[in-house]
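Please keep the sequence and the model side by side while reading.

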Amino acid sequence: MHYVSTRATSASAARNPQGFSDILLGGLAPDGGLYLPAAYPQVTGAELDAWRSLSYADLAYEILRKFATDIPDAELKALTARTYTPEVYRNARAGESSADITPLRVLEEGAAGKLILQGLSNGPTLAFKDMAMQLLGNLFEYILAKNGDALNIFGATSGDTGSAAEYAMRGKRGIRVFMLSPHAKMSAFQTAQMFSLQDPNIFNIAVEGVFDDCQDMVKAVSNDLEFKARHKIGTVNSINWARVVAQVVYYFRGYLKATSSNGQKVSFTVPSGNFGNICAGHIARMMGLPIAKLVVATNENNVLDEFFRTGVYRVRKPAETFHTSSPSMDISKASNFERFVYDLVGRDAERTHALFRKVETHGGFDLSGAPGSDGDEFKRVGEYGFVSGCSTHEDRLNTIREVADDYGITIDTHTADGIKVARAHLEPGIPMIVLETALAAKFNETILEALGTDAERPAGFENIETLPQRFVVMKADVAQVKAYIAEHTGLDR
Ligand SMILES: *Cc1c(COP(=O)(O)O)cnc(C)c1O
């Protein structure tokens, strides 16, 4: 299995074949594209049948070995066994089993169709990003140990990604994490989750500014190639291929648990921001998993909903990007979207490159086929199963109330966006699986607004805000953060 860039010319792809381990620690391809397998591995009906009885960890092994062909089977099996354990994914609700890792809960089964919730948020930081990030931590540690190397992860977070990365990398040999966050702008719960980590390889830097200031600092450091190389700086952002591929596993798991034979189909609804999660669903479908529809659910930041309704992709300016009560979906452009567009235009890298160059120069592109548009491939979107919808703050409040009243559970705001949109796409005979992307405790402010009571906290999180916190405060100053990194990266091997 080798990997190509969505912007590679056939000559550069032939010159530069990449294995899974080669792209594991990197982000963008050197040509600015995103990595994808040269061809999607296919899954047979016999394999699906055999996988029905596997544990989550063993299923993850079977799927990952199709992609990570340069990691020895025994190593990969040990890695997945270490990652997907009931102890790591222990925050399942009462009545759900942690041993399932991503437990399914049937919410309703009526004339309109069957609605199922798949819990992806039972890991250490209570959001689905743990599903991939925990694996990434173990993969990084394995590769670095093999090469006798070290890595300093540098990133910016407004909440979920930073904490998932820190909990995945804490205590890992050869790895340090430097994470910028806007000082005093995250929720008390999110702040406590990150800053209460006492591991010496975790460095929390609270920047006096907003999230965009943090991101600008990360960009400035990334553009200093000499500094980046000297201090072995890497990232774990949402375009990382290993994160996408780790997410493919739970689509298979959801399908296998919601059906009893391979003649059946299911649909998935995915609360979406950067298109990383649902991109994994697209890949599962391309591998042959019987998925009917992939429903993209957005909040008021409806860049993706607009594309899947009209064929027009138009990124938003900062002033048009709303701060909502499902903040992890507040994006102005969807960083993984290029992976799908590459498939949509028939894996034509030159055309993909031209379209995304137009995003940079003109803020978007139009595949609707209308006069003057950039192409008519939008007419093929249905062949890939994609449909979409969007949801507002009012919808979130109503959905959280309805789900509490009707099914006795509290869902988070992002999952509420998913359920709201999923209801419009139910079909009799095809179970609809909504991915639960966070637990309600993380977004308690909105739960209070909707229900008038606090969200339940999983065991161990009761007093998290009172734990001692470890962080430094810094001005939004690139020179200062570089000095801080340099001072703390006496490479340890
Ligand atoms: C990151 C995140 C999302 C969006 O996922 P993408 O992969 O960016 O589409 C949705 N919900 C929650 C809770 C998240 O943390």
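This is a predicted model: local features need pLDDT of at least 70, side-chain atom pairs count only at pLDDT 80 or more; totals for chains, interfaces and linings use all residues.

1. Start with the ligand site. There are 15 residues around the ligand. The nearest are K129, D160, G273, N274 and N277. By class, the shell is made up of 8 polar, 5 nonpolar and 2 charged residues.

2. Next, look at the backbone. A polar backbone atom of G273 sits 2.8 Å from a ligand oxygen. For N277, a backbone N or O atom is 2.9 Å from an oxygen atom of the ligand.

3. **Helix α5.** This helix spans residues 73-83. Which of its residues are buried? They are L76, L79, T80 and T83. Why do they lie on the same side of α5? Because they cover an arc of only 90 degrees around the axis. Their cover includes α4 (56-67) and α6 (129-147).

4. **Y35.** This residue belongs to strand β2, which runs over residues 35-37. Is Y35 buried or exposed? Its relative accessible area is 8%, so Y35 is buried, the cut-off being under 20%. Leaving aside neighbours within four places in sequence, Y35 is in contact with Y3, V4, S5, Q18, I23, G27, L28, A29, P30, W241 and R339. Take Q18 from that list. Q18 and Y35 are 17 residues apart in sequence, and their C-alpha atoms are 9.0 Å apart.

5. **H282.** Helix α12, residues 276-286, holds H282. How does H282 count, buried or exposed? H282 has 1% relative accessibility and therefore counts as buried. Which residues does H282 touch, not counting those up to four places away in sequence? They are Y40, L294, F340, D343, Y384 and F386.

6. **What to check on screen.** Then turn to α5 and locate its buried residues, L76, L79, T80 and T83.

Terms used:
Residues are numbered from 1 along each chain as its sequence is written. Side-chain values use heavy atoms; hydrogens and water are left out. Buried means under 20% relative accessible area, exposed over 50%, partly exposed in between (1.4 Å probe, protein chains only). Helices (H or I, at least four residues) and strands (E, at least two) are DSSP runs, numbered from the N terminus. The arc is that of the directions from the helix axis to the C-beta atoms. Contact means heavy atoms within 4.5 Å. A residue is near a molecule or strand if one of its heavy atoms lies within 4 Å of it. A polar contact is a pair of N or O atoms within 3.5 Å; within protein, one must be able to donate a hydrogen and the other to accept it, and residues adjacent in sequence count only if both atoms are side-chain atoms. Ala, Val, Leu, Ile, Met, Phe, Trp, Tyr, Cys and Pro count as nonpolar, Asp, Glu, Lys and Arg as charged, and the others, Gly among them, as polar.
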